[in-house]
Amino acid sequence: MAINDELLSSLLNNDKKDTAIPKKLTVLPLRDVVLFPHMIFPVLIGRSSSLKAVAEAMEREKFIFVVAQKDPTVEEPTHSDIYKHGTVAKILQVLRLPNNLLKVLVEGVFQAKITGVVKNKDFMEAKVEILQPKSDDKDNELQAMVRRSSEMFAEYVKSNRNLPPEVVAAFENLDDNSRKLYYAAANLQQKAEKKQKIIEKLSLKEQYFELISLMSEEIEVLKLEEELDEKVHDTIQKTQKKYFIQEQIRTLQKELEDDDEMNPEIALIREAIDKAQMPDHALARANEELDKLKKTPTMSPEFSVIRSYIDTLASLPWSVKTDDNIRIQHVHSILNEDHYDLEKPKERILEYISVLNIVGTLRGQILCFVGPPGVGKTSLGKSIARALGRKFIRISLGGVRDEAEIRGHRRTYIGSMPGKIIASMKKAGSINPVILLDEVDKMSMDFRGDPSSALLEVLDPEQNSTFNDHYLEIDYDLSNVLFITTANVKYDIPAPLLDRMEVIDISSYLDHDKLEIAKHHIIPKLIRDFGLESVNITFTDAALMKIIREYTREAGVRNIEREIGSILRKVAKELVMEFETKENVKAAKKVASKVEIGTINPENGTINVENGTISALFKLPKKKSVVIDEDIVVKFLKNPKFREKKDELTDKIGVATGLAWTSMGGDTLPVEVTIMPGSEKLTLTGKLGDVMKESATAALSYVRSNWYALGIPENFAVGKEIHIHAPEGAIPKDGPSAGITMSLALISAAGSKPLRGDLAMTGEITLRGNILPIGGLNEKLLAAKRKGITTVLIPKDNLQDISEINPIITKGLQIVPIGHLTEALPYAFRAEVVSVKE
C-alpha cells in the first residue's frame, strides 16, 4: 500500500525537539536484524504499516521500539510474530527513495521489552518498559569476562576477512562495559535468533556469557574454514608442481626420442599391443590411441579413458583359435552322454560337424532351440561346446531393454564399456567360441533402443564379420563364432530376427523319457553332488514314476530333479543319524585309551576331559545299500501334489476338453457351459483374454444360426442366460484354438447330450463352422496322452504335422482330422448317430 504525500511530508519535515521517552511507542519489526543500544543502523522501509509507524513516531519525539521478527518470511507481522525484547531507538534521519520507499537512520538508545499490546489497526503499537542490565564494576568475574571477550573479539576480527582491523581499535577505545558488549555483538556474523539471546538477558554478566559463547562458536568455524583453505591451497600447489615436473619429463622424452624406455607403463602397453596380433585396421587404431596417451597427463581424466580403451583392444582375441574336435563319433558320444533323446537337435549338430569336416570352415549357422523350460536347451549348448572343444559363453538376454547392452556405450559417456558380445569374446579368449544367447524371446524395448534390432547384425552371417561395437568403433569379426539361441515361445521373437535363425523345436518329455533321464543323468549327478558315492542308493522304476506323475507336472525335468534331491538329502540325514553315535563311540574309545583323565558318554560318543570335549568325525559306511521305493517316496515327500481324477474322463453334458499350449508346454483345458433362465446374454468367466472371448462369441453365433443342422432346439437361447466358464480362473487364458471346444460344449448343453469324456479337441472356428489350423500340436497331443485321452480332434490342415511328431506320442491316440464342425459330431457324442440336416 503506498502512502500519501501529506504523510511523507510529515515524516520529512518534523523538527520537534527531543523529550523524555514515552511509555507507549510504535513498533518497527526488522527482518534478520537485532538492533542493540548505541548502534546506528539504516533501515529500508516499504511496508505500509511500518511507514505509518515511523510517521507516528516522528510525531512522538522520534522514539520507536525496534524489534526482530521471529520468522523473516512473514510479510505482515503481528505481535505474535515478533520477540518481546528489543531496543528503544531514536530516529535520526528520514530519506525518501523511489518506489515509495523510505530510508530511516535509527540509533539504539535503551534495552526494553513489551509489557502490553495497544490495539491499532494501522500499525503495531505497544507499551514498553526500559531495562537497565545490572552491572557491578567491582565484580571480578565480570571483569574477567570483559577481558576474555576483548581477547576473543580481537581474534575473531583477525580471522574474519569481512571485518577491517580498525574495528578492534574502535572497540578498545570504548570505556563502558555495556557499550563494549553491544559493539561486539553488533559486529558478530550470527543469526538473529542467537543475537536475540543477548538482548533478552537482564544482567550484564549473563549478556557477556552469551557473547563469549557466540564468539567461541564463530572462532571455531573460522578456524575450520582456514584449515580447509590451506588444504585446498596445498593440493593445488602439489598438482601444479606435479604437472610442471611431468611437462619437464615429457620435454626430456621428446629430446631423447625414446618415450617407451623412459616410461615403463607405456612400454608394457606397447608390448601388449604387439602380442595381440591385431589386424592392420585395429593395430593402426591402437597405435593412434597410444600416441594420444603419451601426450596426455596422467592426472587428466582422459588418460584413464584412453588407457582402458587400449587395454580392451589388446585383450581381445584377434587370431587365437581353439582347435575343433570334428570327429563325428566323438561328438555323437558326448551329446548322448549328456542328453537323453533330443534326436533332432543332435542330428542337426552332426550335420554341421560333417560339413565342417569337408569344408574346414563354415559360416551362417545360427541355431535357435525353442521349447518349454527344463527340457535341456541351455545344457545342450554346453554339450555342443564340450563336444567341439570350444570355449562356452552364455549371455542371458532376459529383461534386456537397452541397445547399448549389445553394442556397448560410446566413449563419450563416463564409465562406458563394450557390449555383451565383445565382453564375451574377451572372456572366451578365442575367436571361435560357442556363444549361447539365452531367452532371446524375453527381450524388450524402451526409449533407450531396441536390443533385438542390434542383434540383427550379430546373427546375420553376411554382416557379423564386420560387427561394429560403439565402444571399439572398429570392425570385429564374429564369423567364426557358433551362435546358439534359446527361447520358450517362437512367436515372441521379432520376425526379422527369427528369419536369421534355424529353429529347432524341442518338445516336452514323455513320462518314459523323464524316467530314463532321472535314472541315467539326474540321480548320478545328485549322488555325486551330495557325496553319497560310497552308499549304494537305487530308485525303483515305480518310485520314479510316482514322483513324475504325482509330485511333478511339467514339460521338463527341473522339478523332478528338485524332488529327487529332497529325497537324497533326507536319506543322507537318516544315514548320519543312524551311524553317528556308533562310529563316534568307537572313535572315542580309541581316544580314551590314550587319555588318562576322561569318561565316555555312551549317548553321543564324546569324551569329557578337564580341558574340553573330544569328538570323532563321522564317516559314511562303505557297504550300506538304500533302496527308494514308493513307500519311502511318500514318507519323504508326504502327500502327492497332483492326483488323477477318475471322473474327469466320464461323459458329461456341457463339458468339453480342449487342448492348450503355453510356454510351459501343453495342457488340457476343460470348458463348461450351462444354460439357465434369465436375461438373454453371454457370460464368460475364467480370466479369458480378448481373442478367447471373441472365439466364444463366434461359437455361439454359429450354433444359434445352425440349430436345425446341429439337431438342437431352435429356442434354446430364448429367455436364457448362457454361461461359459474355463476352470482355474486365476490363470489367464487366451488364443483362438478353443473355438471348437466351446462350440461342442454349447451343442451338448443346448441339446442335453453328454459329450465323450475321453475326447479332446483343438481348433479355431469361423462363423461358417470351418476349423482353422493351430500351433503347438506336439505339446497338445502330449498333454492329451498324459490325461488318458483316447481320441483327439484336430484341424485337417494340421494333418501334415503328424509326421513330425514322435510315434510314441501318437501311439494309442485316435487322431481325427476335421475341416468343419459337423464332421466332429459323430465323434463327440457316444451311442448316438448324429445326422446333419441340410
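Residues are classed here as buried under 20% relative accessible area, exposed over 50% and partly exposed in between, with a 1.4 Å probe and protein chains only. The structure is a predicted model, in which local features need pLDDT of at least 70 and side-chain atom pairs count only at pLDDT 80 or more, whereas totals for chains, interfaces and linings use all residues. Residues are numbered from 1 along each chain as its sequence is written, and side-chain values use heavy atoms, with hydrogens and water left out.

The protein contains 28 helices and 29 strands, taken as DSSP runs numbered from the N terminus (helices H or I, at least four residues; strands E, at least two). Of its 838 residues, 45% count as buried.

A search of the whole structure identifies 33 salt bridges, each defined as a side-chain nitrogen of Lys or Arg within 4 Å of a carboxyl oxygen of Asp or Glu. In one of these, the side chains of E75 and R31 meet at 3.1 Å, N to O. Because E75 lies in the loop between β3 (63-68) and β4 (85-97) and R31 in the loop between β1 (24-30) and β2 (40-45), this pair ties together parts that are 44 residues apart in sequence. R31 is partly exposed, at 33% relative accessible area.

A salt bridge also joins D324 and R390, whose closest N and O atoms are 2.8 Å apart. This pair links distant parts of the chain, 66 residues apart: D324 is in the loop between α11 (301-315) and α12 (328-338), and R390 in the loop between α14 (377-388) and β8 (392-396). D324 is partly exposed, with a relative accessible area of 24%, while R390 counts as buried at 10%.

The salt bridge between K275 and E271 (3.2 Å, N to O) lies within helix α9 (residues 264-275), where the two residues are four apart and thus separated by about one helical turn. K275 is exposed at 61% relative accessibility, and E271 is partly exposed at 39%.

Leaving aside neighbours within four places in sequence, E289 is in contact (heavy atoms within 4.5 Å) with I306, Y309, I310 and R411.
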